[in-house]
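Morning, everyone. Please take a look at the sequence and the structure on the screen.

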Protein chains: 2
Amino acid sequence: MATTTKRDTAERSAELERYADMFSAMGTAARLRILQLLLTAHPDGLVVGELAAELDIPNSTLSHHLDKLKHEGLVLVSREGTFLRYTANTEALQALLGFLYAECCTRNKVVEPKRMLACCK
Amino acid sequence: MATTTKRDTAERSAELERYADMFSAMGTAARLRILQLLLTAHPDGLVVGELAAELDIPNSTLSHHLDKLKHEGLVLVSREGTFLRYTANTEALQALLGFLYAECCTRNKVVEPKRMLACCK
DNA sequence: GCCATATTTCTACAAATACAGAAATACAGG
DNA sequence: CCTGTATTTCTGTATTTGTAGAAATATGGC
């Protein structure tokens, strides 16, 4: 019989916390919109100035949002001279989608999870 | 050619806001755990006392979290005498999953979205 | 080294959120 | 109607979050 060790539980709750933080990072219209724009521009991504042009929010606010998205691993950054280019982190998004799918559907036993595994890049 | 009217844009941003609120509602470990428990118990759901027994948080705090989840449409409530029974709102979760899938994958053109439509109940 | 541009950090503040003890409400049963 | 149990609302506080102006930093070109 499979025993659930204290470490298992700790890991599981740490994982839960991580996903909660990711959901939280997507929990405002501004940041969700940023992600949308980056996904639309994927895999090239966008530099901050391009995002700013679309979003009509002050640079400092935008920077703050980008920092949060970066901190939760939802976007990646690379420098191009003076510019910083942000791209959506498809791996993280795939993980999040997979988690949601597993929680929502696997436990519900409506669709087998295999179908999701190939999702995203 | 399809023109994008002002109303289209307003609707789209209202929708975005709604999904952002949903993500926000799942943006803490406590509420994500509540959803997990409800999904595990789906379709029966759980009464508040059962949730309280699992979660080890004060009733008032739990009630507050449940209220937020209810407000964002992620759970449904029904009264059973003295008890209130909460269930996961699979329709809302399916919509959220579909949104995330569409944003993450359709734009990315990796997997066709048809595969998701039958997901959840 | 200096200048111009891109982006972030600093700082501050208002608003939202998490939390929880205590009181209030809702219901079932006697 | 009174009692006990279930759950929420009330209340207050501490923390986090969103926002943004101003200053600072980073980079490339002259």
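I'll go through a helix pair, a sheet and some backbone details.

First, the ground rules. This is a predicted model, where local features need pLDDT of at least 70, side-chain atom pairs count only at pLDDT 80 or more, and totals for chains, interfaces and linings use all residues. Residues are numbered from 1 along each chain as its sequence is written, chains are lettered from A and ligands numbered from 1 in the order in which they are written, and side-chain values use heavy atoms, with hydrogens and water left out.

Start with the helices. How do α2(A) and α3(A) cross? Helix α2 (residues 29–40) and helix α3 (residues 48–55) of chain A have axes that come within 11 Å and cross at roughly 120°. Therefore α2(A) is oblique to α3(A). On the cut-offs: under 35 degrees is roughly parallel, over 145 roughly antiparallel, 65 to 115 roughly perpendicular, and the rest oblique. Axes are lines fitted to C-alpha atoms, for helices over the stretch in contact, and angles run from 0 to 180 degrees between N-to-C directions.

Now the contact, meaning heavy atoms within 4.5 Å. From α2(A), Arg33(A), Ile34(A), Leu37(A) and Leu38(A) meet Leu51(A), Glu54(A) and Leu55(A) of α3(A). That contact has five nonpolar residues, no polar and two charged.

Next, the sheet. Chain A has an open sheet of three strands, in the order β1-β3-β2, with antiparallel pairing. Strands pair if DSSP finds at least two bridges between them. The edge strands are β1 (46–47) and β2 (75–80) of chain A, each pairing on one side only. Between β1(A) and strand β3 (residues 83–88) of chain A there are two bridges. Leu46(A) has Tyr86(A) in β3(A) as its bridge partner.

On to the backbone. Where is Pro43(A)? In the loop between α2 and β1 of chain A. The peptide bond from His42(A) to Pro43(A) is cis, with omega near 0°. In chain B, His42(B) and Pro43(B) are also joined by a cis peptide bond, omega about 0°.

Last, Asp56. Asp56(A) is not a glycine, yet has a positive phi of about 55°. It lies in the loop between α3 and α4 (59–71) of chain A. Buried or exposed? Asp56(A) counts as exposed because its relative accessibility is 71%. The scale: buried is under 20% relative accessible area, exposed over 50%, partly exposed in between, with a 1.4 Å probe and protein chains only. Asp56(B) has phi near 55°, and at 73% relative accessibility counts as exposed.

Note on methods
Helices (H or I, at least four residues) and strands (E, at least two) are DSSP runs, numbered from the N terminus. Ala, Val, Leu, Ile, Met, Phe, Trp, Tyr, Cys and Pro count as nonpolar, Asp, Glu, Lys and Arg as charged, and the others, Gly among them, as polar.
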